[in-house]
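I opened the model to look up two things. The entries below take the ligand site, then the chain interface.

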Amino acid sequence: MENLKKILEEKTTDLNNDAINWPDSGGHFGNYGGCYVPEILMHPLEELTTAYQKAQKDPEFINELKHLLKAYVGRPTPLFLAQRLTEYIGGAKIYLKREDLNHTGAHKINNALGQILLARRMGKKRIIAETGAGQHGVATATVCALMNTQCRVYMGTEDMRRQSLNVFRMRLLGAEVVGVDAGSRTLKDAINEALRDWVTNINTTYYLLGSALGPHPYPQMVRDFQAIIGQEARAQILELEGSLPNLLIACVGGGSNAIGLFSEFLKDSNVEMVGVEAGGRGKELGEHAARFHFAGGGRPGVLQGTFSYVLQDLDGQIAATHSISAGLDYPAIGPEHAYLHDSERVSYVTASDNEALEAFQLLAKLEGILPALESSHAVAYAIKAAARLSKNQVVVVNLSGRGDKDVHTVADVLGVEL
Amino acid sequence: MNRIAKKFQALNKTERKALIPYITAGDPDLAATEALILKMAECGADIIELGVPFSDPMADGPVIQRATERALTKGTKLIDILDLVSRVRKVSQVPIVLFSYFNPLLQFGLEKLAKKAAEVGIDGVLVTDLSPEEAGNFLSILCRYNLDMIFLLAPTSSDERIAKVTKLARGFIYAVSRTGITGIQQTLSDTVVELVLRIRKHSNLPIAVGFGISSREQVKEVCCYADGAIVGSRIVAEIEACKDQTQLLEKIGSLIQELASD
Ligand SMILES: Cc1ncc(COP(=O)(O)O)c(C=O)c1O
């Protein structure tokens, strides 16, 4: 009995130690991840991996990125104690990592900036990207304007409808926005179309993928570029509180803001982490985007270059998803999250459309902050979690973006005519 | 020796090249697919590539995307496609390669699929988005059931990759004519000749060229340097354009005859 307990304990520590070193050279996080793409893309992905590995070690690249993150994006972002929200709930202290204060209004720019510098090093003259909520598209259009690079963004027509403000922003920034009318007309379909463009124009084009998704090296690269969130937050909370937080919370679409916050803390075994998926409006397949919800159709599978949890029917056809937030409305989750889920290092929960809407309004009234509907999912769970924790405990919520883009959607749902 | 190897041997003896049409199973419905396979074989198709419809065909152009949608709307399932092949086998020995994205096969169960595929008389499997790096497990399963895994090589494949892939490949090698998605194109690129020559340095397997081949002239052109030509979108587009179902077999039959003619 004692022995077994010891072995089990050893195993968990092992997993925790492992988590820091993934992926392996093939891009695997445990069994997940990898490179499931047509042969045409294999060599270009190898080239991308090599270029990225070189850049990572090049002081010139690192310094330029650091400089732009500070001077252009406005980093570091504050870690803000949400005092009124904390008092209102009466539980743990709630800190907000203010990624909404980044230039362009979300964490997406951290990654877009890193990748555009990489694309420039690789001599690529044309950038393509996909976007769901439009935040990654805006971030990409922005860095392309900054670097004087041609930019095309694919976006599902359903997303173009609900995030029309961001469509106009991208066009103002000089990007070409191409509507995708296939499938569910959301993020997944935009990625398919971007991949088709990429295989066709492989020699000239850099695919600037926006989340910790897709084939190797994207999940690793996007995580690394977003890791600045957690690096800052860890130093900030140590300075503010003198100790590590008890709980980290982030919403999970593809998983980039979440892994960006989590990765720096994975080695801190006392820090709990929760990823919040979109619970949508129901438990049936098609009504949510909760990939870890087995009864709701989430099972390991291959979609768009990677092996991870995927919402699908019994025949392996990819399911439709629903979320009030376009950025969480995607049937697969980044492969590192699949690994962190199975190893139980991170827990995954859901927040419904309605819970997110309530959190959106509550944060606006109590803190004067309009969170993105994506981030509102994290806030919604934080409200529940903080209530269960004691006053001397600390929660850090990743406020991944600002909610201006969502004002129309919220007005619609609340029946307000603008 | 399986049906694919036998076919290439027979073609070799008569100094002929392989015509390999692709159709999406279930487009316009499975009964039509069954009849189309038999008709194509009768009219000069040497090997059939039978597509398994998948909701997210990221390597396909609009023509095959629409075929996939039609097949899925009809409720086409992998198990029914396999059953269809068993019916075909009662009357025809035309080699059949199952052409699929990985996820539908994975969810069916790789072992179960291989067993059933061997039972019904499928000869090979080509998985568009299964890179050789990730194929190990499935490859060894297919080997046990004596099924060929067909690999793709592309103009972007480095010589190192070609060396690696040709070691794993069975049946024949699918040389992708260009960087891009499936679809019809007017002129073939020169890069494919170079690709076929590069592959030849590493392998004695037959090489078939596909992607964009859509006319008899292009088939002939490709067959000057390769062992076969794969024609997909042209045939699928013809199936789509045929509004009168009673004429479908005739139409596709004469298209195959035309593509196969000297
Ligand atoms: C503000 C915001 N948060 C979160 C997300 C979800 O993406 P990820 O899970 O990659 O952070 C998005 C995506 O568009 C977003 O715009």
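I counted a polar contact as a pair of N or O atoms within 3.5 Å; within protein, one must be able to donate a hydrogen and the other to accept it, and residues adjacent in sequence count only if both atoms are side-chain atoms. This is a predicted model, where local features need pLDDT of at least 70, side-chain atom pairs count only at pLDDT 80 or more, and totals for chains, interfaces and linings use all residues. Residues are numbered from 1 along each chain as its sequence is written, chains are lettered from A and ligands numbered from 1 in the order in which they are written, and side-chain values use heavy atoms, with hydrogens and water left out.

For G253(A), a backbone N or O atom is 2.7 Å from a ligand oxygen. K108(A) places a polar side-chain atom 3.2 Å from an oxygen atom of the ligand. The ligand alone exposes 390 Å², and the protein buries 97% of that (Shrake-Rupley, 1.4 Å probe).

Interface: I looked up contacts (heavy atoms within 4.5 Å) and found 36 residues of chain B meeting 35 of chain A. D56(B), M58(B) and E134(B) lose the most area to chain A on the chain B side, together 24% of what that side buries (accessible area, 1.4 Å probe, lost on being put together).

Note on methods: Buried area = accessible area lost by both parts, 1.4 Å probe.
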